[in-house]
Amino acid sequence: MIGSQLQQGRSSLLGHVPRRIAGTALSLVLTFVGLTAVTFVIARVMPADPVLAIVGDRAHQDVYDAVYRELGLDQPMLVQYLRYLGQLFAGDLGVSIMTAQPVLDDLLRFFPATLELATVATLLGVFAGVPLGVLAAVRQGRWADHLVRVVGLFGYSVPVFWLGMLALFVFYAKLGWVAGPGRIDIFYEGMVEPVTGLILVDSALAREWDIFRNAIGHLVLPAAILGIHSFAYLARMTRHFMLEQLGQEYILTARVKGVPEGAVIWRHAFRNVLVQLITIVGLTYASLLEGSVLTETVFAWPGIGQYITSSLFNNDMNAVLGGTIVVGTCFVAINMGSDLLYRLVDPRVR
Amino acid sequence: MSAVRAWLLTDIPQSRRQAQCQRLFLAWLVFRRNGSAVAGIAIVATLVAGALLAPWITGSAGVTPDLGNRLHAPGLAHWFGTDELGRDIFDRVMWGSRITLYIVGLVSVIVVPIGLAIGVVAGYVGGWVDSALMRLTDVFLAFPRLILALAFVAALGPGLENAVLAIALTSWSPYARIARAEALTLRRSDFILAARSQGIPHLQIIVSHVAPMCISSVIVRLTLDMAGIILTAAGLGFLGLGAQPPTPEWGAMIALGREYLLDQWWVPAFPGIAILVVSLGFNLLGDGLRDVLDPKSRD
C-alpha cells in the first residue's frame, strides 16, 4: 500500500515538473510583456508629444509629419506596441542623446560594474547573514539572538545612501582604510584589457595584482553598504527557517540517537534550510541589482544605476527606458530562475 | 478606573459595543507586553505629534534663508545646528515629518483600496477572474520597484506627488495577494452563506462582509512595508527626483548636506537619523502588530 502510494507520488511528481516549468515560462513571458507594456506607455503615451521632443517646437510642419509617420504614431496603439517589441528583440533600444551611442552599447559598458558590485554585495550578505541566522536560531532568546535582531532591524531601517556617506567619511576620509569613490584609482584607469568588464576578473586574468588589490579597496565599502539590507533579510529568514527545522521530530530523533550537536545543526537541520535559502538568495540578488542605484550615486560607481539617473536628468528617455528594461529583465529572470530551481530541488513543493 | 477595567474584562458582555471594546482592550494588553512594539508605537506617536505641533515647537518654517547664521554647530540656540543657508535644521526636520507622514498617508490611501479590491474580488469570485487578476498581480509583484519608480518619475517629471504615485503604482500587489488569501477562506464560511441566502447582492457582500475581514492582515503588512516606502521616497528625494528644494524633505536635505559632511557633519547627519528612527519605529510597530493579530507567525 505504502509502496503504491510512493509510486503514485513519484509519477505525479515527475508529471509535475514539465508543467511547473511551463507555468514558470508562462509567467516569465507575461511579466516580460507587462514590463515592456509599462515602458512602452512611459515612452510613447505619457509624454505630451513625442514628436516635439525630437524635432523641437520650431520645426516645419512637413518635418513634423515625417517624424510623426516615422515613429508610427499614425498606427493603432497595438501595432505601435508590437513594433516596439520587435525593435526590442532586435536589440534596438534607440540612441542615447547624452552619449550619442546606441543605448545597448552604453548599457553593455556600464552593466559589468553593477554586476560586480551586486555580486560581491550578495556574497558578503550570504557569508555574514546565513551563519549569524543559524547562530541566532541555535541560541534563541540569548544575547546572540538579540544582537542579530538588533543588527537586522538596523539593516532594514537605515537609508543606505546616508550610511554610505557616513562610511565614506569614516573609513576613507578619516581612517584611510579603504580607497575612495569610483571603481579604481585614476592612475590605473585603462591599464587592464577589458575582457569581461569585471575589473577583479580582468586584473586577475592579466596577473596585475596591484590593480586587483586597488580594485578590492574600492569595492569593499560600497559592496558592504549595499549588502547590509540583504544581510539583514538573510539573517532573519535563516533564523526563521532554522527554528522551523529544529522543532521537527527528526531533529529530536537525531539527538536521542546521540548525534553530536554540531552534526545535528549543520548536517541535519541546515541541509533542509539550504533548499529554502535558494529562493531568498535569488530574491536579494535581484533586488540588489536594482537597488544599487543609490549606492552607485554615493560612491560615484560607474554602473547602470548611475547611467539611468544621469540620463534622467538629461531627459534622455531612450537611455532611461533601455536601462529599465535591461535591469527589469535581469530582475524577472533571476526571480523566476530561483523559483524554478527551488521547485526542482525541493520535492515537497507542489 | 477599576470599574472601567472590570467592564472591559467581564466574561459576559452586555452589548455589542462592550464586546468590541473588550476585544480592543485584550489586544492592547497583549501588545503592551511586547516591549519593542511599545517602543515602535512611541516613535510613530512622536512622529505624528511632531508633525501636528510643528508650528508651535519650531521657531521658523525652515524655508527662509538666513545667511548670517550659516553652518552653526549644534548648540542651545540651534539644537541640530544650521545648514548652508542658515536655516535651523531642527525646524526643518520637524517640518519634514509632515512630508514623511504625507507620503506614508498618500501611498496607503492609494495602495490599500487597489490591493483590497483586486484581492477580494479575485478570492470571492474565483474561477477565471481569480486567475486573470492573480496573473496581473504576479506581473506587478515581479517588477523592479525602484527602477520603475525612476522611469515613472522620468516621464511625469520630478516632484513629491509623482514620486508618491510611482511608489504606489509599483507596490499594491502584495496587498492583493494577502486580501485574496483571506477572501478565499471567507467565501466558504457560514455567515457569507447566510448573507447569500438572504438575497444580499454579491457586491454588497464583498464590500460590507468580506473586505472588512481582510483589513487587519493588510494593515499589518502595510505597517511592515512603511519603512520601505519611507526609504524609497527618501531615496528618490536624495536623487533629486522627489520633493524639490527648499521643501524640507529628509532625503533631499541629505543630498544638499552631502558637500558639508567633512567639516559640518550635522547638516546631513540629523535628517538621516530622523529617517533611521522613523523607519525603525514602523518596523518595530509592524512586528508587534503581527504578533498581536497573528500569534501563529511568532517564533
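**Figure 1. Helix H8 of chain B in the predicted model.** Helix H8 (residues 173-186) of chain B has 14 residues, which at 1.5 Å a residue should span 20 Å, and its end C-alpha atoms are 20 Å apart, in agreement with that value. The expected span is 1.5 Å times one less than the number of residues in the helix. Helices (H or I, at least four residues) and strands (E, at least two) are DSSP runs, numbered from the N terminus. This is a predicted model, in which local features need pLDDT of at least 70 and side-chain atom pairs count only at pLDDT 80 or more, whereas totals for chains, interfaces and linings use all residues. Residues are numbered from 1 along each chain as its sequence is written, and chains are lettered from A and ligands numbered from 1 in the order in which they are written.

**Figure 2. Buried residues of H8(B) and their packing partners.** Ser173(B), Tyr175(B), Ala176(B), Ile178(B), Ala179(B), Arg180(B), Glu182(B) and Ala183(B) are buried in H8(B). A residue is buried if 20 or more other C-beta atoms lie within 10 Å of its own, exposed if 12 or fewer, and partly exposed in between, with C-beta atoms placed from the backbone. The buried residues of H8(B) pack against H4, helix H5 (127-141) and helix H10 (202-238) of chain B.

Figure 3. Chain B contains 12 helices and zero strands, and its C-alpha trace spans about 75 × 55 × 35 Å along its principal axes. Of its 299 residues, 42% count as buried. The mean pLDDT of chain B (the predictor's confidence in each residue, from 0 to 100) is 84, and 98% of the residues score at least 70. Among the elements of chain B, helix H4 (residues 89-125) has the highest mean pLDDT (90) and helix H1 (residues 2-9) the lowest (80).

**Figure 4. Packing of helices H5 and H11 in chain A.** Helix H5 (residues 103-138) and helix H11 (residues 261-298) of chain A pack at an angle of about 145°, and their axes are 9 Å apart. Axes are lines fitted to C-alpha atoms, for helices over the stretch in contact, and angles run from 0 to 180 degrees between N-to-C directions. The crossing of H5(A) and H11(A) is right-handed, that is, the near helix is turned clockwise from the far one by less than a right angle. Residues of H5(A) in the contact include Thr114(A), Ala118(A), Gly125(A) and Val134(A), and those of H11(A) include Phe270(A), Leu277(A), Tyr285(A) and Ser292(A). Two residues are in contact if their C-beta atoms, placed from the backbone, lie within 7 Å. By class, the contact of H5(A) with H11(A) has 14 nonpolar, five polar and no charged residues. Ala, Val, Leu, Ile, Met, Phe, Trp, Tyr, Cys and Pro count as nonpolar, Asp, Glu, Lys and Arg as charged, and the others, Gly among them, as polar.

**Figure 5. The contact between chains A and B.** Chain A contributes 39 residues and chain B 32 residues to the contact. Several helices of chain A each supply at least two residues of the side that touches chain B, among them H1 (2-45), H9 (209-246) and H13 (317-345). The largest share of this side, nine residues, comes from H13(A). By class, the side of chain A that touches chain B has 26 nonpolar, 12 polar and one charged residues. The model scores ipTM 0.84 and pTM 0.85.
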